[in-house]
Amino acid sequence: MIIDRAVYRDGKRAAEPDSFAELHAACQSGDAIAWLGLYEPSKEEFAAVAREFDLHELAVEDAVKAHQRPKLEQYGDDLFLVLRPARYLDETETVVFGEVAIFVGPQFVITVRHGDAPELGSVRRRLEARPELLRRGPLAILYAIVDHVVDGYEPVVAGLENDIDEIEDEVFSGSPTVSRRIYQLTREVIEFQRATDPLEGVLGQLRAAPGVGEEEGQYLRDVEDHAIRDAEHADAFRALLQNILSVNLTLETKAMTEASHAQNEQVKRISAWAAILFAPTLIGTIYGMNFEHMPELDWRLGYPFALVLMVTFSVTLYFIFKRRRWI
C-alpha cells in the first residue's frame, strides 16, 4: 500500500507523481528529493520500486520479509536502515512492536513499514512545516524518522516501569496469576532489548557514514544518547524481573512448604486418633467373635476387664501422642 509519495524542491512539496517512474525521474533534476512511503508491500509490488530506484536485491528482500534486527547497511551510495519501533498499549498493558525499513539515496528516501510501526505522516508534516530542514536533503528525513522512533520508546519505558511496580505489589500480596504476568512482561522486555540494544552501534555507523556532516552528526549523537538510555532501562528491567521472579518462587515455595507442614500436622492428628480408637475396636472385635471355647466367656470379670483394657490402651496412646505433639 502506498501511504504517500512526493517530490520536494527547495524544501517544499512540489509534485505527487502517479507512477514510480515519474517519481524517480522527477527527483533526478536539480536539488529535488523524492520521498515514498509504503506499508507492507508484497514482493511483486515492491519489485517495481526496486527496479526504478535500483535498490540492492538483499536490502529489498529484507525490506519485504521484515523480521530483521535493527541494522545499517551500505550498498554503493545507498544506505539501508532497519528500526524496530515499539508502542505501549494502556488498554491491555502490553507492548507491541513493528518494523521500519528505510532506503536512503542521494536524492530519495523510501520507507517500508510493517506491523504496528508508527505512521510517519506526523514526521512528514513536521518537516514540510520546516523547509530549512528538508533543504538539507535525505539525511534530514532519515534523522527525523530515527528521532521519531526513538522518542516513541519513552512511553514504553514508562509503561514497563509501571507494570513492574504493579507486579511487585502482586508478588507480596500473593496473587495467583503473578507468575504468568512476570513471564509475559519478561518476554516484552527481551523484545524491547532486541529493539534498543543494537541502536548504539547502528547510530554510530550512521554518524560515520559518507555525507554525514558535523552538524548532522551532533543531532544523531543526541538520538544515540536517548537510545542508549532506553537500552539501559531495558537491561535494568530485565535484571529486576529476574529478581522479582526469584522472590516470587521463594514465596511460592515457602507457601507450599507451610501448606505441606500444615497438612502433615493434620495427618498426624488423624493418625493418632485412629490409633487410639483402633485399640478398643480390636479388643471389642475379639470379644465379639462369640466362639464357644473362649476362656473369658465364663469369667465374671471378663466384661469389666475388657473395658479397663480398652480405656488403658486408649489413655496410654493418648498421652504418648500428646507428648510427641501429634494431638
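This is a predicted model: local features need pLDDT of at least 70, side-chain atom pairs count only at pLDDT 80 or more; totals for chains, interfaces and linings use all residues.
I began with leucine 245, which I found in helix H10; helices here are DSSP runs of H or I with at least four residues, strands are runs of E with at least two, and both are numbered from the N terminus. Residues are numbered from 1 along each chain as its sequence is written, and side-chain values use heavy atoms, leaving out hydrogens and water.

Is leucine 245 buried or exposed? Leucine 245 is buried, as its relative accessible area is 19% (buried is under 20%, exposed over 50%, partly exposed in between, with a 1.4 Å probe and protein chains only). Leaving aside neighbours within four places in sequence, I saw leucine 245 in contact with Ile182 and Tyr183 (contact is heavy atoms within 4.5 Å).

Phenylalanine 278 counts as exposed because its relative accessibility is 52%.

Then on to helix H4 (residues 121-128), where I noted Gly121, Val123, Arg124 and Leu127 as buried. Seen down the H4 axis, these fall within an arc of 160°, so they line one face of the helix; the arc is taken from the directions from the helix axis to the C-beta atoms. Their cover includes strand E1 (2-9) and helix H6 (138-151).
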